[in-house]
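Take a slow look at the fold shown here, and let's walk through it together.

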Amino acid sequence: METEQWYQDIALYEMVKAAIEYVGTFAFAISGIRQAAACRFDWFGGFVCGMAVAIGGGTLRDLLLGCTPFWMLSSSYLLCAALAQVFVIVFARWLKHLDNTWFVFDTLGLALFTIAGLQKTLDFGHEMWVAIIMGCITGSAGGVIRDIFLSRRPLIFQKEIYAMASILGGILYWALLSCHVHVGFASIITFFVICLIRFLAMRYHISLPRLHSEE
């Protein structure tokens, strides 16, 4: 019975991890495509920008972990990005009337991919502090690549709370697992906390202090 329960827990864990990666890919791709549309990119440019956001952070994470990038193991991630492109094209007028649509999807992608980065790094046997860094890279690096494509200063280097939300979420995830909270519940709680941090920071204009030059 214990062996059977162990296999069930592993199956549930793998299912949750896969769901997080797919939903995160879809959300991040929409974020990138929406911003590419705002810059008047064509359909191909929008898809490339969406893919950069969706797979950029995970690719860098996997290279650092010494494994094959996740999107090279299954074409379903490319399909997710393609579906995101179709979604943006079909519902373009509806999305246009929603303020900060890209912000919502970007926040969802940040939270989901932070969790995916944490879980995968722990699966590789690394310490939790490494997992927190990898979670931040997974959630943030794609946005840096997107901003470079759009000829903008990367969002994580500005005053807006972005990468810090990912890091705080990673610390919370660490604390929850240390208290023996089930990984599924820990993932859900961490997801909502990262989103809450981003939304509150935007709503109340909370930011990190700026550096000042000596002049």
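His180 is exposed, with a relative accessibility of 73%; exposed means over 50% relative accessible area, buried under 20%, and partly exposed in between, worked out with a 1.4 Å probe on protein chains only. You'll find His180 in the loop between α7 (163-178) and α8. The helix names come from DSSP runs numbered from the N terminus: helices are H or I runs of at least four residues, and strands are E runs of at least two. What's curious about His180 is its positive phi of about 65°, although it is not a glycine. Most residues other than glycine have a negative phi. His205 also has a positive phi, of about 55°, and it is not a glycine either. Look for His205 in the segment after α8, where it is exposed at 70% relative accessible area.

Before going on, a word on what you're looking at: this is a predicted model, where local features need pLDDT of at least 70 and side-chain atom pairs count only at pLDDT 80 or more, while totals for chains, interfaces and linings use all residues. Residues are numbered from 1 along each chain as its sequence is written, and side-chain values use heavy atoms, with hydrogens and water left out.

Now for the inside. In soluble globular proteins, nonpolar side chains tend to be buried together. Here the largest nonpolar core has 31 residues, and Phe28, Leu110 and Phe191 have the most contacts inside it. A nonpolar core is a set of buried Ala, Val, Leu, Ile, Met, Phe, Trp, Tyr and Cys residues joined through side-chain atoms within 4.5 Å. Two or more residues of this core come from each of α1, α2, α3, α5 (101-123) and α8 (183-203). Which helix gives the most to this core? That's α5, with seven residues. Zoom in on Phe191: leaving aside neighbours within four places in sequence, Phe191 is in contact (heavy atoms within 4.5 Å) with Leu108, Ala111, Leu112 and Ile115.

Thr25 lies in helix α1. Is Thr25 buried or exposed? At 0% relative accessibility, Thr25 counts as buried. Beyond its neighbours within four places in sequence, Ser140 is in contact with Leu110, Ile156, Tyr162 and Ala163.

Tyr22 lies in helix α1 and is partly exposed, at 30% relative accessible area. Setting aside residues up to four places away in sequence, Tyr22 touches Ser74, Ser76, Tyr77 and Cys80. Over in helix α2 sits Phe47, which is partly exposed at 26% relative accessibility. The C-alpha atoms of Phe47 and Leu78 are separated by 9.8 Å, with the two residues 31 residues apart along the chain.

Rings of Phe, Tyr and Trp (its six-membered ring) pair if their centres lie within 6.5 Å; planes under 30 degrees apart count as stacked, over 60 as edge-to-face and the rest as tilted. How many aromatic pairs does the structure hold? There are nine. One of them is the tilted pair of Phe87 and Phe91, 5.0 Å centre to centre with 45° between the planes. Phe87 is partly exposed at 22%, and Phe91 is partly exposed at 38%. Ring pairs also link Tyr22, Phe28, Phe70, Tyr77 and Phe113 into a cluster.

The largest pocket holds about 490 Å³. On a 1 Å grid over the protein atoms alone, a pocket is an open set of points with protein on both sides within 12 Å along at least five of seven lines, and lining residues have an atom within 4 Å of a point. Of its 18 lining residues, Ile33, Arg34, Ala37, Ala38 and Val88 are the closest to the centre. The largest share of the lining, six residues, comes from α1.

Note on methods: 1 Å grid on protein atoms, 1.4 Å probe; cavity = no way out; pocket = protein on both sides within 12 Å on 5 of 7 lines; lining within 4 Å. Points joined across faces, edges and corners; volume = space filled by probe spheres on them.
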